[in-house]
Amino acid sequence: MEFEKNILCIGAGYVGGPTMAVLAHKCPQFKVTVVDINPTRIAEWNSDELPIYEPGLDKIVRATRGKNLFFSTDIAGGIRENDIIFVSVNTPTKTFGAGAGMAADLQYWEKTARQILQYSESPKIVIEKSTLPVKTAQAMENILRNVHSSVTFEVLSNPEFLAEGTAVQDLENPDRVLIGSRETPSGLKAREMLVEMYAKWVPREKIITSNIWSSELSKIVANAFLAQRISSINSISALCEKTDADITEVARAVGMDSRIGSKYLNASVGFGGSCFKKDILNLVYLCRYYGLDEVADYWEGVVKINRYQQERFIVNMLSSMFNTLAGKRICLFGFSFKANTGDTRESPAIFISERLMEEKAEIVITDPKALKNARTDLAGAKGKVSFVEDPYRAAEGCHAIAVLTEWDLYRTLDYRKIYDTMVTPAYLFDGRNILDHKKCFDIGFNVYPIGKPPLTHLKK
Ligand code: NAD
Ligand code: UGA
């Protein structure tokens with residue numbers, strides 16, 4: 001079959017896989033190939049057990065794979081055969097050298113740019129899908145400026161705004177698609193091509209265009225604003241706990257102001273995920289680089305509050321359980337960084353587990369999708385930890401339960417049955433405020449929500 005366009009995506013991760021699966025599903029007239037340096041990942045994409053859990057993704061991959069969606073390790077061949085290339089490789093925080101702990105590590109991205117240059121035999125449109133520091137497109141262009149051949153490259157920025165757990169619905173029905181380009185005739189032409197592509201399923205008014213630097217920067221700023229809302233509400237949750245105010249009531253009252261809005265105001269044990277912290281630190285690094293220390297300090301505060309919130313959770317556990325956790329069994333309900341994903345990158349559960357082990361607690365971890373990743377995350381940890389899929393069995397013989405992920409499953413468990421198998425006094429620390437606190441208290445639990453007065457049977 002002759003396809004209208006041949007599209008390549010380099011990087012078959014949480015973004016590359018779902019993004020390209022939805023593109024292939026929406027546009028059967030395009031051939032979409034996803035390549036990766038990791039052969040295991042590609043083998044998993046080609047198997048019945050996909051490398052990531054994302055609701056609705058299996059169905060789409062099954063409908064398109066082998067028809068117009070292909071997963072391969074042949075990066076060179078992919079670059080030669082496709083003229084539209086999305087780059088969706090990882091851009092983690094640098095762990096070494098200048099900017100360690102703050103700047104984006106661009107080694108994977110630069111390697112990809114060099115591979116594109118090496119294997120290209122015809123003009124290419126290269127699309128940044130990874131989240132990158134503003135001005136990266138300039139570096140991309142400098143690498144791709146090929147003095148030895150007539151092959152030309154146009155670089156576009158098309159950042160991805162999907163959230164894990166809702167990736168398929170976010171991709172099928174995005175709030176907006178952002179496309180940035182150079183404002184040259186060839187830049188505008190490439191931009192128009194990409195607009196047309198998305199217009200196959202996204203309403204035109206939701207496809208916005210901008211200059212390339214605004215596009216790169218908007219992605220990081222969007223994440224910074226979302227994370228800032230969570231740190232704002234979490235900071236207020238600390239004040240609520242001191243004053244008997246209730247964070248859910250405060251968030252409702254504040255969020256009903258249409259200028260403020262109600263989303264991203266759920267107080268929690270802290271935000272996790274591979275991007276919020278990394279992107280804010282990158283923003284902080286950029287601001288410092290440009291001498292904007294006050295701006296950098298402002299945004300750095302969002303990350304500091306997030307760590308403070310996680311530490312506060314541990315301090316609350318300690319102080320309510322007679323200031324010692326040594327030898328106590330604590331069951332963690334949830335390990336993924338949010339519900340409906342198996343992803344545990346930067347999950348607050350990792351920090352909480354490590355801190356609990358420092359206090360010499362024994363931990364039992366349960367999660368419907370993240371136990372494989374949890375085992376890897378805690379492989380080197382010193383302490384007693386076990387992994388049990390069934391939450392009822394996991395809680396048996398425990399002194400406390402800490403809810404760390406807002407899986408729906410945990411809302412509907414039989415907490416009386418659970419209570420009966422636990423050591424008393426039994427504690428419930430709800431790091432997501434998803435349980436019926438009054439009901440759990442009536443069963444016998446000492447209940448510690450986030451940002452609300454605790455409900456306890458203990459004498460003060
Ligand atoms: P990921 O680690 O899941 O996937 C990246 C993939 O790129 C890996 O499979 C890796 O093997 C591959 N890769 C690295 N170097 C390569 C190379 N030279 N050639 C071929 N493949 C290579 O990362 P992710 O979560 O998909 O994130 C990718 C980018 O998208 C990041 O910049 C991230 O900030 C951004 N982003 C992520 C999300 C999200 O929800 N995870 C959402 C929006 C944007
Ligand atoms: C986030 C953004 O929502 C996406 O738009 C963006 O594309 C993505 O980062 C990225 O660049 O990687 P994601 O991290 O997948 O998506 O998930 P979110 O739903 O935003 O949740 C992030 C964290 O904040 C989770 O730990 C979640 O539990 C927490 N959260 C969220 C709260 O604690 N309270 C809230 O009210 C909302």
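Colleague: Buried means under 20% relative accessible area, exposed over 50%, and partly exposed in between (1.4 Å probe, protein chains only), so where does Arg 80 fall?

Modeller: Arg 80 is partly exposed, at a relative accessible area of 38%. Please keep in mind that this is a predicted model, in which local features need pLDDT of at least 70 and side-chain atom pairs count only at pLDDT 80 or more, while totals for chains, interfaces and linings use all residues. Residues are numbered from 1 along each chain as its sequence is written, chains are lettered from A and ligands numbered from 1 in the order in which they are written, and side-chain values use heavy atoms, with hydrogens and water left out.

Colleague: OK, and which residue is the salt-bridge partner of Arg 80?

Modeller: Its partner is Glu 121, and the closest N and O atoms of the two are 3.5 Å apart, where a salt bridge is a side-chain nitrogen of Lys or Arg within 4 Å of a carboxyl oxygen of Asp or Glu. Glu 121 counts as exposed, with 59% relative accessibility.

Colleague: What does the pair of Arg 80 and Glu 121 tie together?

Modeller: Arg 80 sits in helix H4 (residues 75–81), whereas Glu 121 is in the loop between helix H5 (107–119) and strand E5 (124–128), so the bridge ties together parts that are 41 residues apart in sequence. Helices (H or I, at least four residues) and strands (E, at least two) are DSSP runs numbered from the N terminus.

Colleague: How many salt bridges are there in the structure?

Modeller: There are 25 salt bridges. Among them is the one between the side chains of Glu 311 and Arg 355, at 3.0 Å from N to O.

Colleague: Which helices hold Glu 311 and Arg 355?

Modeller: Glu 311 belongs to helix H12 (residues 293–320) and Arg 355 to helix H13 (residues 348–358), so this pair ties together parts that are 44 residues apart in sequence.

Colleague: And is Arg 355 buried or exposed?

Modeller: Arg 355 counts as buried, at 12% relative accessibility, while Glu 311 counts as partly exposed, at 26%.

Colleague: What about Lys 438 and Asp 442, where do those two lie?

Modeller: Both lie in helix H17 (residues 437–443), four residues apart, which is about one turn of the helix.

Colleague: Which residues do salt bridges with shared partners join into one network?

Modeller: Arg 288, Asp 293, Asp 297 and Glu 300 are joined in this way.

Colleague: Changing topic, how many residues are in the largest nonpolar core?

Modeller: The largest nonpolar core has 42 residues, a core being a set of buried Ala, Val, Leu, Ile, Met, Phe, Trp, Tyr and Cys residues joined through side-chain atoms within 4.5 Å. Met 20, Leu 23, Phe 86, Leu 194 and Tyr 198 have the most contacts inside this core, and helix H8 (residues 185–198) gives the most to it, with six residues.

Colleague: What does Tyr 198 touch?

Modeller: Leaving aside residues up to four places away in sequence, Tyr 198 touches Phe 86, Lys 129, Asn 158, Val 177, Ile 179 and Ile 207, with contact taken as heavy atoms within 4.5 Å.

Colleague: Which residues does the second core include?

Modeller: The second core is separate and has 36 residues, including Ala 251, Ile 314, Leu 356 and Phe 429.
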